[in-house]
Every structure is written in C-alpha cells, then in structure tokens.
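Please open the model in a viewer and keep the selection tool at hand.

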Amino acid sequence: MNDNGFLKLAVDQAKKSVKEGGFPAGSVVVKDGDVLSVLAEGLSLGYKLNDPSEHSGTSAIRKACKIVGSSDLKGAVLYESLESCNMCFSVAYWAGISKIVYACRKTPEMVKKLYYEGNTSNESINETNNRKIELVFIPDFEAEMLEVVKEWEKALDGK
C-alpha cells in the first residue's frame, strides 16, 4: 500500500470518529510500509472521554508503542486526516516518527483556527528541533475531509 492508501485509512478513521461522537480526525501509524504493518489506528474522542490529550495522532502513537513494546517508533510514519496539532506533532517527535503525511491543512481558510488553538506552525517547530520530521501534504483527500469537518460542525450546531 502507498501513502494515499494509508492516508485513506486515516480519513476513514476520521469519519468513524465523527460517527462515535468524536472530533473529525483520524490517524494511522505504519511501519515498514506494508498494510500488514499498520500498527495502530486512532480516533479523536477527547471530548467524549473527557481527556484533552486523546487526539487521534497521540492515541495512534500510544497504541503503536504498546504494540511494539517500546516508545521508540523510529522509521514509522504517521498518517493523519488533518494536519497535526502541536501536541500530536510533539508526541510524534518524541516517539521517533520520521514522517507525517496529512490530508487537510490547518490554514484558517480550510479549518477554523479554534480547532488548533492558535497558528503555531509545525514547520517552524520542526526547524528548531534537533531531528527533522518529513512533513508531507497530499491534497487528494482535502475536499473529502472538509466535508467531514462540516458534517461534524452541523452535528455540533444541532446539540
């Protein structure tokens, strides 16, 4: 499976998260590039679980670390439906993730600023880190993810 295939899995996780009452984000951690090596899938259920750290990226990384029995995920790739928040980016850094691939940018025009609690860019954080994470935006699923975000927003408005 390639980057687009794994990214589609993350988008599907975002849809599942919305159906389960969570934030419209999904993540998948992959090691060694094979579909059989999908280590963990994460939903963003922090609101539902009353846990502010329960973001999809952090959740998937936690699960992957448990699967491998280590906090070292060197060589692994994090696929995310939405660009990482600063917390998930930092967790990926500390876990040794080498690459983050995402489907939807966090620019204010695309996704409301309040979902990210500010405009600090991962690129600027990445530049000051000792080890750089390769950041890859693949636009193929961005329109689909924006629809997922809109669906979630409509559900919020109905509450």
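The model is predicted.

**The helix pair.** Select helix H1 (residues 3-19) together with helix H6 (residues 142-157); their axes lie 10 Å apart and form an angle of about 10°. Because angles under 35 degrees count as roughly parallel, H1 is roughly parallel to H6. Next, display the side chains of the contact: H1 contributes Lys8, Val11, Ala14, Lys15 and Val18, while H6 contributes Glu144, Met145, Val148, Glu151 and Trp152. Classified by type, this contact comprises 6 nonpolar and 4 charged residues, with no polar ones.

**Helix H4.** Move to helix H4 (residues 86-95) and select Cys88, Phe89, Ala92, Tyr93 and Ala95, which are its buried residues. An α-helix has 3.6 residues a turn, so residues three or four places apart point the same way. Then select glycine 96, which follows H4 and has a positive phi, near 90°.

**The cavity.** How many cavities of 30 Å³ or more does the structure hold? There is 1, and the largest cavity contains about 30 Å³ of space. Select its lining: Glu80, Glu83, Ser84, Ile100, Tyr102, Asn122, Glu123 and Leu135. Strand S4 (99-102) and helix H5 (122-128) each provide at least two of the lining residues. By class, the lining has 3 nonpolar, 2 polar and 3 charged residues.

Notes. Residues numbered from 1 in each chain as written. Predicted model: local features only at pLDDT ≥ 70, side-chain atom pairs only at ≥ 80, totals over all residues. Heavy atoms only, no water. Axes fitted to C-alpha atoms, helices over the stretch in contact; angles between N-to-C directions. Helix = DSSP H or I, 4+ residues; strand = E, 2+ residues; numbered from the N terminus. Parallel < 35°, antiparallel > 145°, perpendicular 65-115°, else oblique. Contact = heavy atoms within 4.5 Å. Nonpolar A, V, L, I, M, F, W, Y, C, P; charged D, E, K, R; others polar. 1 Å grid on protein atoms, 1.4 Å probe; cavity = no way out; pocket = protein on both sides within 12 Å on 5 of 7 lines; lining within 4 Å. Points joined across faces, edges and corners; volume = space filled by probe spheres on them. Buried < 20%, exposed > 50% of the residue type's maximum accessible area, 1.4 Å probe, protein only.
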